[in-house]
Amino acid sequence: VVANAGRRRVDLVVANAGIMATPHHLTADGLEEQWAANFVGHYSLCRQLWPRLADDGRVLLLSSVAHFGGYRPREPELLAADCSGPAQYDAYKAYKRSKWALACLAPELQRRLATGAQSVCAVHPGLIDTDLAFGFFRRYLPVPILRPMQRALLRSPIAAAASVLSALALPGAAGAYAVNGRVQKADRLIRNSPEAREWLWLIAASHAGLCP
């Protein structure tokens, strides 16, 4: 993607790719798979595309309401250790951690790289009727019940996309966290700890093989 961008201007980046609560697996780089797919890859893409981002360009990072409590300061070094292959792996906690990192990345990207009218916003897309959700909930419900329930209760992909893109027109969205077209408070640690945001940036740069 970065190579194909060439010298063309990039108006919008939507960091959407992700996996959810998968079995423990390490990438070729030795990173926990959810951390690599849900966070490090997006961090790397944004960093490398940033020189092509238009003066009024927008970046949307798809986080999740699950990011709350994804990391706590009483866990020194735990994030980095877990990313390299934790001794005891919890699939959902690993997912929460990766989404916390994306929500935390928004204000730090905004502070470090954004100029002019450029804006970075973390967005919760809602619970969506996709195979990703199906793969997660099938652990708890039989398929004949889950399929119709999921279609009835979860947001369609089109509706979710509209909700995500609504953040583009939100006043005050730069460096913020948005849900259903409104700016909301992110996890308290993200809001109140510049040290946590700084530390995450350094970890992400190391894992992506980029200079801080």
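This is a predicted model: local features need pLDDT of at least 70, side-chain atom pairs count only at pLDDT 80 or more; totals for chains, interfaces and linings use all residues.
1. Along the sequence, the order of elements is α-β-α-β-α-α-β-α-α-α-β-β-α-α. The protein has 212 residues, and 47% of them count as buried. Take the contacts between residues at least 6 apart in sequence: 77% of these join residues at least 24 apart.

2. **Trp35 and Phe39.** The structure holds five aromatic pairs. In one of them, the ring centres of tryptophan 35 and phenylalanine 39 are 4.8 Å apart and the planes stand at 50 degrees, so this pair is tilted.

3. The cut-off for buried is under 20% relative accessible area.

4. **Phe39 and Tyr43.** Phenylalanine 39 also pairs with tyrosine 43. The centre-to-centre distance is 6.3 Å, and the planes are 40 degrees apart, which makes a tilted pair. Phenylalanine 39 and tyrosine 43 are four residues apart in helix H2, so about one helical turn separates them. Tyrosine 43 has a relative accessible area of 1%, so it is buried.

5. **The ring cluster.** Which residues do the ring pairs link into a cluster? They are Trp35, Phe39, Tyr43 and Trp201. Trp35, Phe39 and Tyr43 on the H2 side meet residues of H9, and Trp201 is among those H9 residues.

6. **H2 against H4.** Two packed helices are described by the angle between their axes and the distance between the axes. For H2 and helix H4 (residues 91-112), the angle is about 15 degrees and the axes are 8 Å apart. H2 and H4 are therefore roughly parallel to each other. Angles under 35 degrees fall in that class. The crossing of H2 past H4 is right-handed.

7. **Residues at the H2-H4 contact.** From H2 come Gln34, Trp35, Asn38, Phe39, His42, Tyr43 and Cys46. Their partners in H4 are Ala91, Ala94, Tyr95, Arg97, Ser98, Lys99, Ala101, Leu102, Leu105 and Leu109. By type, the contact of H2 with H4 has 11 nonpolar, four polar and two charged residues.

8. **H2 against H9.** H2 also packs with helix H9 (residues 194-208). Here the angle is about 90 degrees, and the axes are 10 Å apart. H2 and H9 are therefore roughly perpendicular to each other. That class covers 65 to 115 degrees.

9. **Residues at the H2-H9 contact.** H2 supplies Trp35, Phe39, Val40, Tyr43, Ser44 and Arg47. H9 supplies Leu200, Trp201, Ile203, Ala204, Ala205, His207 and Ala208. The contact of H2 with H9 divides into 10 nonpolar, two polar and one charged.

10. **Ala21.** Alanine 21 has a phi near 50 degrees, a positive value in a residue other than glycine. Where does alanine 21 lie? Its place is the loop between strand S1 (10-15) and H2. Its relative accessibility is 1%, so alanine 21 counts as buried.

11. **Asn180.** Asparagine 180 is not a glycine, yet its phi is positive, at about 50 degrees. Asparagine 180 sits in the loop between S4 and strand S5 (182-184). Its relative accessible area is 46%, so asparagine 180 is partly exposed.

12. **Pro171.** Proline 171 is in the loop between helix H7 (157-165) and strand S4 (176-179). With a relative accessible area of 69%, proline 171 is exposed. The cut-off for exposed is over 50%. Proline 171 and valine 183 are 12 residues apart in sequence, and their C-alpha atoms are 8.4 Å apart in space.

Conventions
Residues are numbered from 1 along each chain as its sequence is written. Side-chain values use heavy atoms; hydrogens and water are left out. Rings of Phe, Tyr and Trp (its six-membered ring) pair if their centres lie within 6.5 Å; planes under 30 degrees apart count as stacked, over 60 as edge-to-face and the rest as tilted. Helices (H or I, at least four residues) and strands (E, at least two) are DSSP runs, numbered from the N terminus. Buried means under 20% relative accessible area, exposed over 50%, partly exposed in between (1.4 Å probe, protein chains only). Axes are lines fitted to C-alpha atoms, for helices over the stretch in contact, and angles run from 0 to 180 degrees between N-to-C directions. Angles under 35 degrees count as roughly parallel, over 145 as roughly antiparallel, 65 to 115 as roughly perpendicular and the rest as oblique. A crossing is left-handed if the near helix is turned anticlockwise from the far one by less than a right angle, and right-handed if clockwise. Contact means heavy atoms within 4.5 Å. Ala, Val, Leu, Ile, Met, Phe, Trp, Tyr, Cys and Pro count as nonpolar, Asp, Glu, Lys and Arg as charged, and the others, Gly among them, as polar.
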